[in-house]
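Here's a quick tour of a protein model, from the overall fold down to a few side chains. Have a look at it first.

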Amino acid sequence: FKMYAISSNVWMMKSKNVGKFMYEELLTIANAQSGNIVKNMDSIYDHLQSHKQWHKVMAIENKTLASRQDDKAVALLTERGLSQVFEMKSDDDNDDKCEDIKNFVDSNMAI
């Protein structure tokens, strides 16, 4: 939503068919889709609970490997990591993997 709707004024225009703003139609579609996903995930979870070894799965403890982006194990916000991100963002390389990483950094990280 942030990547496509906010950056375009088209989403702030009224729809002729429904009389709502375009972004409202987009959100209606997204909410309908996510409702189906949540319903399916709940169904899977209910099914898993019926298995006789479910208690073993639930006994697995959570373990935090890295709680911060600047953790040494992650190396995202180290000087070397920052310079690599800036270098990658400034390159004109159009490789699909490189483009995916650029988009991820732009939309998910505050550097």
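What follows covers the fold, the surface and the aromatic rings.

## Ground rules

This is a predicted model, so local features need pLDDT of at least 70, side-chain atom pairs count only at pLDDT 80 or more, and totals for chains, interfaces and linings use all residues. Numbering starts from 1 along each chain as its sequence is written, and side-chain values use heavy atoms, with hydrogens and water left out.

## Fold

The protein has four helices and zero strands (DSSP runs: H or I of at least four residues for helices, E of at least two for strands, numbered from the N terminus).

Ile 44 sits in helix H1 (residues 22-49) and is partly exposed, because its relative accessibility is 45%.

## Aromatic rings

There are two aromatic pairs here (Phe, Tyr or Trp rings, the six-membered one for Trp, with centres within 6.5 Å; planes under 30 degrees apart are stacked, over 60 edge-to-face, the rest tilted). Phe 21 and Tyr 23 are stacked, because their ring centres are 5.9 Å apart and their planes at 20°. Tyr 45 and Trp 54 go edge-to-face, with 5.5 Å between centres and 85° between planes. In that pair, Tyr 45 is partly exposed at 39%, whereas Trp 54 is buried at 16%.

Methods: Buried < 20%, exposed > 50% of the residue type's maximum accessible area, 1.4 Å probe, protein only.
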